[in-house]
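Biologist: Thanks for sitting down with me over this one. Could you walk me through the model, starting with its overall layout?

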Amino acid sequence: GKGPQTFYVPLTKFGKRLGLDGKQVDRDMQTLIGYGLLESVEKGQQWKEGTRAKAGQYRYLGFEGLPN
């Protein structure tokens, strides 16, 4: 990984577990990024013919990322 606070989020699989659409999970992740709680480390990639799907990687910033 790229640091101790990084994690992967496969949007489609994560959404299925939560009963949500993968696009909704993406919007929710973007909201958390906007709040400064997370940052995107590496963008994911959807499955396409001849390629593998790739989960997005995020870093948890916690309250350090929030403005004072």
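Biologist: How many helices and strands are there in the protein chain?

Modeller: Helices (H or I, at least four residues) and strands (E, at least two) are DSSP runs, numbered from the N terminus. This is a predicted model, where local features need pLDDT of at least 70, side-chain atom pairs count only at pLDDT 80 or more, and totals for chains, interfaces and linings use all residues. Residues are numbered from 1 along each chain as its sequence is written, and side-chain values use heavy atoms, with hydrogens and water left out. From the N terminus on, the elements run β-α-α-β-β, and the protein chain holds two helices and three strands.

Biologist: Happy with that. Which residues make up the largest nonpolar core?

Modeller: Such a core is a set of buried Ala, Val, Leu, Ile, Met, Phe, Trp, Tyr and Cys residues joined through side-chain atoms within 4.5 Å. Buried means under 20% relative accessible area, exposed over 50%, and partly exposed in between (1.4 Å probe, protein chains only). In the protein chain, 18% of the 68 residues are buried. The largest nonpolar core has five residues: Val9, Val25, Met29, Leu38 and Tyr58.

Biologist: Now for the charged pairs. What is the count of salt bridges?

Modeller: The rule asks for a side-chain nitrogen of Lys or Arg within 4 Å of a carboxyl oxygen of Asp or Glu. Glu39 and Arg59 meet it at 2.5 Å, N to O, and they link strand β2 (residues 38-42) with strand β3 (residues 56-60), 20 residues apart. Glu42 and Lys54 also form a salt bridge, with their closest N and O atoms 2.3 Å apart. The count is two.

Biologist: Why does the pair of Glu42 and Lys54 tie together parts that are apart in sequence, and how many residues apart are they?

Modeller: Glu42 is partly exposed at 26% relative accessible area, and Lys54 is partly exposed too, at 42%. Glu42 lies in strand β2 and Lys54 in the loop between β2 and β3, so the parts that the pair ties together are apart in sequence by 12 residues.
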